[in-house]
Amino acid sequence: RWQKHSPITSRMRFLSRSIISIVLFSFTGCGDSVSDFQLHEIDPRIIVEFELTNGLEVIDLNEEFTDDAGYRVRIVEARYLISDLQLESVNGSDIVLKEIELIDHREFDETITTPQWNKSYKFSVPPGEYTNLKFGLGVRSDLNTTDPTDLPNEDPLSLYGGMHWTWATMYKFVMFHAKIDTLGGSDLLHEVTFETGLDSLYRSGLSFPVNLSLESFDRDTIRLTVDWNTIFHGSDPIDLTIDNISHTFGSVEAAELAVRFTDNYVEAIELD
């Protein structure tokens, strides 16, 4: 028996038939030219991230805190180059993530069009089991002679990286600047400035156990911390009321202080 349908019902039936027709055409209209759907596996991805800390407390640049010596502190710049960032697999082979990278704790500024660097980086790695994250603090000697003008702007060793020192001494390995109050006053007037570089200050072989078992599509984060208190108040404390500035060169004392700072910085890097 014929039944009268509302305009809405008629339109819905028309749309349903149209959709079915499109779907059928998609599978039959193109013949053999359309390949079957295939699921492509994606390699695991990891994030390697660095954080500044005051003991167990994560701190940001320009955030005031009180350190273990009772000093009020504000770190204003923390930038450092690392070489041969790699993962060691369970069978002893190494997966190189980056030959050289610049860790910069400044916030990424989307209004800036020139190259910027960050404190965390993403990498794709083959599926497998990994036991250690390894890198060196500073710039390998063969890379330390690089001419920054020969590099693309996005390279950490380019002029845009801001770590090139002079043609004689090449690259700064670590730039670490802060303002502190050591006298209990109301202002942070005391400058802390450490800028280190020189082949003898390169520290290779830093290794951190990670114990990762990664399969396709997996995501994981390796977080490392750099502790202010270990740098300045650890096993080889630096008296910031006296030894608060080193540009590595200029005097025997400045060079010796750069060595102490570098070794303390290595000790201050820990796996979170």
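Tyr 265 is buried, with 0% relative accessible area. Keep in mind that this is a predicted model. Tyr 265 belongs to helix H4 (residues 252-268), and its ring is a handy way into the aromatic side of this structure, which holds 15 aromatic pairs.

**Rings around Tyr 265**
- Tyr 80 and Tyr 265 make an edge-to-face pair, because their planes stand at 65 degrees, over the 60 needed, with the ring centres 5.4 Å apart.
- That pair ties together distant parts of the chain: Tyr 80 sits in strand E4 (residues 72-89), 185 residues away from Tyr 265.
- Tyr 80 counts as buried too, at 0% relative accessibility.
- Phe 261 also pairs with Tyr 265, and here the planes are at 50 degrees and the centres 5.5 Å apart, so this one goes down as tilted.
- Phe 261 and Tyr 265 are four residues apart in helix H4, which means about one helical turn separates them.
- Phe 261 is another buried residue, with relative accessibility at 0%.

- Elsewhere, Lys 172 has its charged end over the ring of Trp 165, 5.7 Å from the ring centre.

**The protein as a whole**
- Four helices and 15 strands make up the secondary structure.
- The protein has 272 residues, and 41% of them count as buried.
- Take the contacts between residues at least 6 apart in sequence: 72% of them join residues at least 24 apart.

Note on methods
Residues are numbered from 1 along each chain as its sequence is written. This is a predicted model: local features need pLDDT of at least 70, side-chain atom pairs count only at pLDDT 80 or more; totals for chains, interfaces and linings use all residues. Side-chain values use heavy atoms; hydrogens and water are left out. Helices (H or I, at least four residues) and strands (E, at least two) are DSSP runs, numbered from the N terminus. Buried means under 20% relative accessible area, exposed over 50%, partly exposed in between (1.4 Å probe, protein chains only). Contact means heavy atoms within 4.5 Å. Rings of Phe, Tyr and Trp (its six-membered ring) pair if their centres lie within 6.5 Å; planes under 30 degrees apart count as stacked, over 60 as edge-to-face and the rest as tilted. A charge sits over a ring if NZ of Lys or CZ of Arg is within 6 Å of the ring centre and within 35 degrees of the ring normal.
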